[in-house]
Structure formats: structure tokens, C-alpha cells
Amino acid sequence: MTDLQRPATRAGVVLRGRTVVPGVVTGEALVSPETISGWGGIDPATGTIIEARHPLAGVCFTGKILVFPGAKGSSGWSGFFQTTRLLGTAPIGMVFAVTTTKAALGAVVTRVPALADLDADPVAVLRTGDRIRLDATAGVVEQLDRPDRTALTDTTAGEDR
Amino acid sequence: MILTDDDRRLRDGDEGPAVAAAMDLLVRYGEALDAERLCDVRNVAGTTTQPSPVKARLVAEGGWDRAFSLINLDADETLPIPPMAVPTCQLQHGFGRDAVGVAPYPPEMIALQDDGEAFVGARGVSVLATCTPYQVGNLPVRGEHCAWMESSAVVYANSVLGARTNCEGGASTGAASLTGRIPCWGNHRDDERLGTHHVRVETPVASFLDWGLLGYAVGDAVQEGRPVVTGDLALPDLTDLKHFGAAAASSGGVEMYHVPGVTPEATSTEAAFGGRPPRDTVVFGAAERRAAYERLNDQGTCEDVDFVLLGCPHASLDQLRDAARALEGRRLADGTELWIMAPRALVAVAERSGYTAVIEAAGGRVLTDSCPAMSRTAPAGTRVFATDSAKQAHYLPAILGIEAWFGTTAECVDAAVTGRWRGELR
């Protein structure tokens with residue numbers, strides 16, 4: 001790979017946090033700068049954020065590791081993310097800054113590795129498109145690469161737990 | 001997490017596979033929260049009957065046992081669901097039979113929900129079918145540990161009633177209903193109920209509209225914080241506090257607030273903070289009041305209103321009576337509809353008192369069980385709606401792709417009668 005795809009200054013960042021749901025997964029980060037609503041905020045049928053004023057409106061999180069500040073809105077949050085699992089549109093991991101019952105139960109019923117309460121703000125440190133390894137069992141998320149956006153072709157994501 | 005001998009017994013299947021699945025979910029959830037232990041609950045408000053495409057599929061595959069197992073217990077297999085272990089009620093869900101011919105809502109969803117009601121009713125679930133269970137028979141006492149869903153009911157139970165509940169979900173309430181247990185975390189703990197933010201109200205807050213605007217501004221400012229609200233406040237009633245909490249739980253994630261001298265855990269401002277300094281101070285003056293109003297009204301440009309929605313959260317008897325008074329002797333404009341959502345138990349009283357007849361004579365409808373946001377249903381062809389609810393103005397435009405106006409109840413009734421929005425902040 002070229003240097004552009006592995007910027008020496010950022011690659012290899014490691015954040016430590018608290019295990020919410022154990023498990024290990026490697027994949028592409030989708031970073032939401034704002035909190036996410038379940039009910040009225042996502043469409044489980046398509047795995048897409050639908051809240052009109054949200055910066056990621058229209059973006060699909062299926063197969064991504066969702067990195068976000070926290071959950072907001074209705075108590076339907078967990079049920080909506082549980083439905084993404086039942087419909088096969090779920091994210092493959094979750095990293096969030098603030099623990100609430102909505103986000104914690106949501107991660108549990110989505111049944112994906114999840115980490116919270118990290119030693120640095122994951123939303124500020126990680127970027128959409130970063131390839132990351134989330135070891136929620138050990139409480140670590142590691143940035144593997146930050147591909148140059150123009151060269152970003154690898155959208156595969158694999159589960160290795 | 002520390003489990004009691006009884007918790008282990010349930011987890012190990014002594015009370016059957018559904019209870020074991022419930023305890024397994026509670027253990028996974030408690031560990032996800034880093035809770036030390038579970039606590040007893042004797043009051044659950046959750047949802048099983050709300051129809052959805054996924055639920056229709058699961059019921060077709062294996063009946064309501066399957067839907068409850070996979071959704072309310074987060075299990076993988078269909079398990080026989082026993083009677084509820086503790087008092088449990090069904091919250092709001094989809095439209096019921098009273099909406100047939102009024103709301104363009106699929107009849108097969110109503111049939112599915114009827115079937116679900118029979119299933120849960122047979123297991124001891126009280127089908128209150130409202131987002132305001134505290135209005136119609138589920139009024140927890142101060143200090144009662146509960147497992148409730150519905151953000152507007154959670155904030156009311158914690159703040160106004162002094163009961164203790166986190167904002168639970170479909171799986172955690174399902175598991176709690178079969179075990180009488182829930183993670184002892186957050187709002188269940190004394191120190192997690194104390195105020196975090198001081199809200200100083202510097203413009204008069206007296207009307208139903210004012211309390212909604214204040215809630216919408218406060219939620220936005222404090223997010224998940226626990227605001228202590230003081231200043232230029234008239235004594236609020238049930239309806240005002242219902243509006244305030246629902247608004248604060250829409251723009252933010254407020255689950256607990258204090259109004260010293262009004263809410264039970266705040267005998268004084270100092271008591272509300274437990275002697276700790278506030279994390280932050282927020283001012284609500286004339287400018288903040290106007291900003292909240294304008295934010296709620298930034299999703300409308302067309303002044304032709306074709307739908308008016310009152311009763312979010314579900315209307316109180318006062319709201320039903322006030323709507324009847326405002327509509328008495330008037331007639332809705334052609335092409336404009338008005339719905340008032342209310343708990344079915346209160347509609348029985350409204351009918352008996354003559355309010356419903358007055359509302360229907362004007363062309364309005366009193367509906368139960370649901371709301372346009374829950375059922376994703378408004379009158380056919382709705383492009384612009386008006387409401388006196390900050391929560392409904394916040395959510396419905398995104399859910400249905402329509403424009404919204406927010407104002408007083410009188411302005412909404414005026415819009416229904418004239419077909420035009422003429423609201424303004426006074």
C-alpha cells in the first residue's frame with residue numbers, strides 16, 4: 001500500500017474502554033458526529049439513518065462498525081436495532097461515548113461487539129472509512145488504516161470472533 | 001454482576017425456559033451497563049402487541065409465543081410464555097377498531113393487534129393502550145421501582161411521582177415482566193436522581209404552551225442531564241407537566257427533573273442538588289422561549305392546514321373538555337381533519353360527560369390506543385399538520401414527511417375551523 005493509505009500520524013491509534021457486549025470484529029468505521037435516534041431515526045428495513053436533520057441522513061450502517069456519541073430519543077431504540085439484526089441490516093459493531101440504557105440494551109439485542117466509556121472521544125479520533133479492529137472482550141479498539149478517500153475501494157468487513 | 005440465589009435459580013431454568021431466557025437477557029443487559037446487581041420491580045409498562053412487518057412474520061411462523069420470545073426476551077427459539085410474574089401493562093400501540101373508517105391504517109394490522117391483546121391479556125397484562133398509564137390505573141407510589149418504556153411516561157414517573165425507572169426497552173420490560181427484576185442502575189439509585197443542571201426561568205411560564213416550550217429548550221440544553229427548574233413558574237398541573245417532560249425527552253434525553261416545591265424529591269433547590277453544586281446553569285428567558293418556538297416551527301411554510309392533532313402524550317380529561325369547549329357550535333373547514341388522541345378509559349368518561357359528542361358534532365374525532373407517529377398514519381393526503389404538542393411537532397415531520405405548525409390549543413382549533421394557520425408567539 002502507498003503511504004497515502006497508511007498515514008503514519010494517525011494509523012495505529014488505540015482507544016480503551018468498557019466492555020458492553022464482548023466479541024471481536026474487524027471492519028470499516030461509520031462515524032456519526034451526532035447522537036442517533038432509533039424510533040423515527042433509523043429504517044430497520046434498509047439499515048439507514050433517516051432523521052432529516054441528521055448529518056448522516058440517508059447513510060447505511062449495515063456491515064459497518066457504528067461509532068457514535070450515544071443514543072437519543074424514544075425508548076424504542078433497542079427494539080429498532082434488534083429489528084436490524086432480525087432483518088440482516090445490522091451494524092457489525094458499536095463504539096459509543098456515553099452509556100445509557102437505550103444504547104446498552106440496543107447493543108445487547110443487536111448482539112454485536114460493543115465498547116463504551118472510552119479514554120478518548122471515539123467520534124473525534126476515528127473517521128468514517130477507517131478500518132478498525134474492535135476487541136470488545138479486551139476493551140480495545142484499534143485503528144488499522146485510514147485509506148486515502150480517493151483510493152477507498154475496500155468496503156469488505158469480516159467477523160473474526 | 002452479583003446474582004442472588006433466586007436469580008441463579010431462574011437463570012438455570014427452575015421456572016421454565018422463558019423465565020431462563022428472561023434472566024439471561026437481564027444478565028447480559030446488566031453487564032452491559034456495569035450494574036452491580038438487579039433489583040426487584042413490581043410494576044412493568046412495556047409493549048408486545050404493537051404490529052410491525054417483522055412481528056407479523058414471527059406470529060405467522062410460530063404464534064405470539066414466537067414474537068414474544070424473539071422480541072421481548074431476545075431469545076433464538078420459540079418458548080412457551082407463562083403468566084406475568086408481576087403487574088404489567090401494555091403501553092400505546094397501533095390504531096384499534098375505533099380508527100376504522102377514520103385513519104387509513106391497514107385492517108390486517110388491527111386484526112394482528114387484537115390477536116396480540118388476547119394473548120397478553122390471558123397472561124395477565126392490563127391492556128391500558130396508552131403512553132400515559134399514570135392517567136388510567138397505573139399510578140406507582142413514591143419510591144416504587146418500575147420497569148417502564150415510553151420516554152414521556154418514564155420522565156413523568158421519576159419526576160412527578162417519585163417512582164424509579166430507567167428508560168427501558170421492549171426486551172428489558174419483557175424480561176422484567178417474567179422475573180420481577182431489572183438492573184439496579186441509573187434512576188434506581190439515590191445519587192443518580194439528584195439534579196445536575198440549574199435552569200433559571202426568567203420569563204413567565206404559566207400556560208400549557210409555555211411548559212412545552214420550556215421543556216423543549218431544557219432538553220436541548222441539558223440532553224441526558226437532570227435539570228432543576230426554578231424561577232418565574234406558575235403552579236403546573238398534570239397536563240402541563242406531561243407536556244414539559246415529553247418535550248424534554250424529545251429534544252434531549254431527560255428522564256428525571258426537579259421543580260422545587262412541586263415535585264416530590266425537591267423540597268428545596270438545595271435538596272434537589274443534594275448539596276452538590278450544579279454542573280451548569282441554563283437561563284430560560286424571552287429569547288430562549290422564542291428560539292424554542294421558532295425551532296418547533298421551522299418545518300412549515302405552507303399556511304393551509306389539512307390536519308390538526310391534539311393529545312400527545314394522550315389527552316387528559318381537562319384537555320378533552322377544553323377541546324370540546326373550543327369546538328362547541330363550530331364546524332371544521334372542508335378538507336381539514338382534527339383528531340384528539342386519548343386513553344380509552346378516559347374516552348369512556350368523555351363520552352359520558354358529553355365532550356365526545358360536542359367534538360364529533362364539529363367534525364373532530366376522538367381516537368384511542370395510538371397516535372399518528374406510532375402508527376405512521378395521518379389522514380389521506382395530509383401535507384401540513386398543526387399540533388399543540390412539542391413532541392409530536394418534533395417527530396411527525398420526519399416520520400411522515402409532512403410540514404408542521406406548533407401553537408396553542410386554541411390556535412390549533414382555529415386552524416381546524418378555518419383551514420389556515422394563524423398562530424404566533426404571544
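Two strands count as paired here if DSSP finds at least two bridges between them. Helices (H or I, at least four residues) and strands (E, at least two) are themselves DSSP runs, numbered from the N terminus.

This is a predicted model, in which local features need pLDDT of at least 70 and side-chain atom pairs count only at pLDDT 80 or more, while totals for chains, interfaces and linings use all residues. Residues are numbered from 1 along each chain as its sequence is written, chains are lettered from A and ligands numbered from 1 in the order in which they are written, and side-chain values use heavy atoms, with hydrogens and water left out.

I will start with chain A. β11 (residues 131-135) and β12(A) pair antiparallel over five bridges. The two form a hairpin with four residues between them, and A:G139 in the turn has a positive phi of about 80°.

On β11(A), the neighbour is β3 (residues 24-31), antiparallel and joined by five bridges, with A:V24 opposite A:D135.

As for annotation, UniProt, in an unreviewed entry, gives residues 36-114 of chain A as "domain: Phosphomevalonate dehydratase small subunit-like". Positions from that record are in the numbering used here, feature names are shortened, and annotations may be inferred rather than shown by experiment. The span is 27% helix and 22% strand, and its end C-alpha atoms lie 16 Å apart.

Now chain B. The UniProt record, again an unreviewed entry, places "domain: Phosphomevalonate dehydratase large subunit-like" at residues 1-414. This span of chain B is 42% helix and 14% strand, with end C-alpha atoms 56 Å apart.

Chain B has an open sheet of four strands in the order β4-β3-β2-β5, with parallel pairing. β4 (125-127) and β5 (147-148) are at the edges with a single partner strand each, so one side of each has no neighbour in the sheet. β3 (residues 88-90) pairs with β4(B) over three bridges, in parallel, and B:C89 has B:S126 as its bridge partner.

Last, the interface. How many residues of each chain are in contact? Taking contact as heavy atoms within 4.5 Å, the count is 37 residues of chain B and 25 of chain A. The two chains bury about 2600 Å² between them, 56% of it on carbon and sulfur atoms; buried area is the accessible area (1.4 Å probe) lost on putting two parts together, summed over both. B:A32, B:D74 and B:Y395 supply 18% of the area that chain B buries against chain A, more than any other three residues.

B:D74 also meets A:R85 in a salt bridge, at 2.6 Å, N to O. The rule, a side-chain nitrogen of Lys or Arg within 4 Å of a carboxyl oxygen of Asp or Glu, finds three salt bridges across this interface.

Which helices of chain B supply at least two residues each to the side that touches chain A? They are α2 (17-33), α3 (53-72), α6 (170-179), α14 (372-375) and α15 (390-400). The largest share, six residues, comes from α2(B).
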